[in-house]
Amino acid sequence: MENSEGVKIESTVVTEEPLISALDIALFVVIITVAYFWYFKRDKQSSSSEKKPYTIQPSSLSSIEQTSNSSFIKKLKSTGRSLVVFYGSQTGTAEEFAGRIAKEGARYKMKGMVADPEECDMADLVEMKEIQKSLAIFCIATYGEGDPTDNAMDFYEWLQNGDADLEGLNYAVFGLGNKTYEHYNEIAIYIDQRLEELGATRVHEIGLGDDDANIEDDFVSWKEKLWESVCSHYGIEETGGESNIRQYKLVDCSEVLPERIFSGEISRLKSYENQRFPFDVKNPYLSKIAVNRELHKSGDRSCMHIEFDIDGSKMRYDTGDHVAVYPKNSSELVDKIGELLNADLDAVFSLLNTDEESSKKHPFPCPCTCRTALTYYLDITSNPRTHIMKELIEYASDPKDQEKLKLMASSTPEGKKEFHEWILRDNRNIVHILEDLPSVKPDLDHLCELLPRLQCRYYSISSSPKVYPKSIHITAVLVNYTTSTNRVNKGVATNLLAQLIPTNDELPQPTIPIYIRRSQFRLPPKSQTPIIMIGPGTGLAPFRGFIQERDYARKEGREIGEMVLYFGCRKKDEDFIYENELQEYVANGTLTKLHLAFSRDQPEKKYVTHLLEQNADELWNIIGEKSGHLYVCGDARSVAKDVHSIIVKVVMEKGQMTNSQALNYVKKMEQQKRYSADVWS
């Protein structure tokens, strides 16, 4: 509008008043007017955002009144706190750990709060020294291929690019990672070292949690030693106060109008009825299931090909991206909890933070029914952590049940062994615990406070937007297994998806909330660049999209490079997924070579890794002589690790390098995005 207005004025002046000075004046007036309205509009928007209430946030510190300019320092000072625990979390575990540390601070006369670095001005760390006996703790997860979590990205970049003087800042770091990934706890290690470089004082050595083993054990062991270091550093003693204090209080909401009650929305009330773009983690798109078909030809396992309809959503994805699916718990498990606790699941309630200064008013969207909370918001199928065992002790009326919980909640070798065997090895969830310890009857609202949030599940997108711009495809194996206690555990998301079968056009189609998560798993910019794809089982998923995209380019008349695919499964006649599609791509020339390994079709098992070792010349020809790209998708513990070892060996032998030179060559490939992995643990 402003540009149009400017052109109109200029045209009028030229036509009716050909004096240049008049034109200059007119333009000057327009510029000043635009600047004036822009400034005050921005100011008004800023004021509006200051007054916006943060009622439902996945974070624990987003300033209630932004007049503090996102200053956590002002928050600490105004509330008499000296401990702040920042978290970098992608799945919620780091946030949970941060909350537990902040809660325990009271035992050491350190009133604490949890903070999301994304919502704080982290430059204020320089002012921590102004608070007596202050301490900043960082619970930081490493995500993807050595990347910060989304909410820690700005803080990470601030540390990289800044040179703030952090002398006087006392800190400690706990990292959350997975040893099966190459960049194990890389972000936490960097933050720990960088804070020291900037002059901060490390109160306790960094803790490195391994999610592939027992990250809960790692955290508890580190936390206990942390408090010993804190006491020594500040010359304080544990007060012995009870840390099992409720963070939220129950509020009866039976009189709340039905239209004000959440029914499964992630953040905004009625967001599934009134969909608004853009769609993201807090505002997923309610997508229709367009296709849901079985890919396995026989056998007792199931693999689904599912297509989400995104027509009209304005959502865009790139080949190699992930789609996040928001699941819900089975009604059977939810009803079982209600039965075990003799609770009214349809009662409407809210959990309100007992800390009036906290901006995280509720642990999940409230008010809602107990059934909604257990169905959509709480994780009732994973193994509970030790702090939940500790909180359940007071609800056990049988001394034997009490002693068992006390043992599992302890950090003694016997306690750790019992927790590992009874909870982790036997794969018990909260429902199983309540079944097997019948005297344990926690208040349902307290249980809702203790259980972690139900997280979305990520799937590699198995389609190309060039070919399927209006739908997103995934390839998912149905998760069902029997535990040592003879219970059948079911994957939350895949078992839900298995039930969402499209019907005829006359009936409403099944729907599920989704959003797109960007990935660095990308095809080379030039379609002529040769590539090798290694994806056994559902690891084939992103490569189906890669092949579709290259096939699209070929049909457009563009030159495409060699495409070599390594795929493996158990039996050709049972679980060779997308067989006809792949054979067609081979026939039309899009797929140059298709190497297949069927592990159980012969006496000796044959895997993709065996084929790679046999084809060393081909591998080196593409990644060494032709500077091609190599991609791996699959299990981080076995597939990705084994492939990496084979590639290093091939580079050594065919490139005539030492082991050190080969490792550096592969590392350089990774840095140049010529060696990419999309893996899971």
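**View A. Arginine 517 lies over the face of tyrosine 458.** The distance from the ring centre is 3.6 Å, and a charge counts as over a ring if NZ of Lys or CZ of Arg is within 6 Å of the ring centre and within 35 degrees of the ring normal. This is a predicted model, in which local features need pLDDT of at least 70 and side-chain atom pairs count only at pLDDT 80 or more, while totals for chains, interfaces and linings use all residues. Residues are numbered from 1 along each chain as its sequence is written, and side-chain values use heavy atoms, with hydrogens and water left out.

**View B. Phenylalanine 277 and phenylalanine 279 are one of the 24 aromatic pairs in the structure.** Rings of Phe, Tyr and Trp (its six-membered ring) pair if their centres lie within 6.5 Å, and planes under 30 degrees apart count as stacked, over 60 as edge-to-face and the rest as tilted. Here the centres are 6.0 Å apart and the planes stand at 80 degrees, so the pair is edge-to-face. Phenylalanine 279 is buried, with a relative accessible area of 13%, whereas phenylalanine 277, at 46%, is partly exposed (buried means under 20%, exposed over 50%, partly exposed in between, with a 1.4 Å probe and protein chains only).

**View C. Tyrosine 326 and tyrosine 515 form a tilted aromatic pair.** Their rings are 6.2 Å apart centre to centre, with 40 degrees between the planes, and both tyrosine 326 and tyrosine 515 are buried.

**View D. Phe72, Phe86, Phe138, Phe155 and Trp158 form a cluster.** These residues are linked by ring pairs.
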